[in-house]
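Have the viewer open and follow along.

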Amino acid sequence: MDCATEAFIAHRNLLFTVAYEMLGSATDAEDVLQETWLRWMKVDLAQVHDQRAYLVRITTRQSLNRLRTMKRRKEAYVGPWLPEPLLTTPDVAEDVELAESVSMALMLVLETLSPTERAVFVLREAFDVGYDEIAAAVGKSPATVRQIAHRARHHVEARRPREAVAPGQARAALESFQRTLETRDLQGLLDVLAPEVVLISDGGGVKQAAPRPITGADKAARFIVGGLGKAQVVLTGDPTVVNGNPALLLRVDGEIDGVIAIRVEDERITGLYYVRNPQKLTRIETETPLTLR
């Protein structure tokens, strides 16, 4: 194996994680990795002092290009857009920092940043990349990057969960939600949902979904129970780990219907993220390795 190929393979999981956190799409992240590989093959390794940093720089630039293309796609998207869920390996869930950085809740917050703000935030906060290296990756001065990082951090902190929840608490909330879901217990749902809960469903125009986010426990619970009551189907939920956090793989009459990820605060669910778009469910049965290092 030549040195270039060996270096790329050694850092592939890291590069995929960088691209995925910037894009929220595994499909697009894989495309970015392919573009990164093609450019890496043309690099004179004798001139590269830090191969990892150089590869991250290429990946960041390609992700920024892809983000701008994706913006037009999202504007034409039918209904709310959610990140593509990934079935993750056990080590992702055990790494609190990594699990939070790829959680559906935080990934949605990142969607509210500009492409450059998202790149700077992801590289600095998740991967601890230095300001000079980020500046080289995004084509800005280090001073400007510091300002962008401060602005993005303030924006994200105002919208992210108030505190990290222990995995056991999240699993307990999910188990309660699963029981009430399968029994279609309206009062049980109201008990496990926070009053200000937000339900977002993504059908991509292919599967039925709410055309806009639903806010409030009563509205969310009635939407869920009402939809199931009309369908007259057998619904089952299999606990799984998506993006490093507890989630449910939902089956309707035995067939995969979608994935529900949750956001938990103070032992109650404040966010429900239901991905039904079949094009986004291709990575929920095969584990995807992610890493910050």
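A crossing counts as left-handed if the near helix is turned anticlockwise from the far one by less than a right angle, and as right-handed if clockwise. Keep in mind that this is a predicted model, where local features need pLDDT of at least 70, side-chain atom pairs count only at pLDDT 80 or more, and totals for chains, interfaces and linings use all residues. Residues are numbered from 1 along each chain as its sequence is written, and side-chain values use heavy atoms, with hydrogens and water left out.

The 25 residues of α3 reach 36 Å from first C-alpha to last, close to the 36 Å expected at 1.5 Å a residue (that is, 1.5 Å times one less than the number of residues). At its N-terminal end sits a cap: a side-chain oxygen of Asp 50 lies 3.2 Å from the backbone nitrogen of Arg 52.

Now look at what packs on α3. Helix α1 (residues 3–23) has its axis within 9 Å of that of α3, and the two cross at roughly 35 degrees; axes here are lines fitted to C-alpha atoms, for helices over the stretch in contact, and angles run from 0 to 180 degrees between N-to-C directions. The crossing of α1 past α3 is right-handed. The residues in contact (heavy atoms within 4.5 Å) include Phe 8, Leu 15 and Met 22 of α1, and Leu 55, Leu 67 and Met 70 of α3. By class, the α1–α3 contact has 13 nonpolar, five polar and three charged residues (Ala, Val, Leu, Ile, Met, Phe, Trp, Tyr, Cys and Pro count as nonpolar, Asp, Glu, Lys and Arg as charged, and the others, Gly among them, as polar).

α3 also meets helix α8 (residues 131–138), at an angle of about 45 degrees and with the axes 8 Å apart. That makes α3 oblique to α8; under 35 degrees would be roughly parallel, over 145 roughly antiparallel, and 65 to 115 roughly perpendicular, with oblique for the rest. This crossing is right-handed. Ala 53, Arg 57, Thr 60, Arg 61 and Leu 64 of α3 touch Glu 133, Ala 136, Ala 137 and Val 138 of α8.

Further along, helices α7 (residues 115–126) and α9 (residues 142–157) cross at roughly 90 degrees, their axes coming within 9 Å, and are therefore roughly perpendicular. Among the residues that meet are Val 120 and Phe 121 in α7, and Ile 148 and Val 156 in α9.

Finally, the strands. Asp 253, in the loop between β4 (245–252) and β5 (255–265), has a positive phi near 50 degrees.

Definitions and conventions
Helices (H or I, at least four residues) and strands (E, at least two) are DSSP runs, numbered from the N terminus. A polar contact is a pair of N or O atoms within 3.5 Å; within protein, one must be able to donate a hydrogen and the other to accept it, and residues adjacent in sequence count only if both atoms are side-chain atoms.
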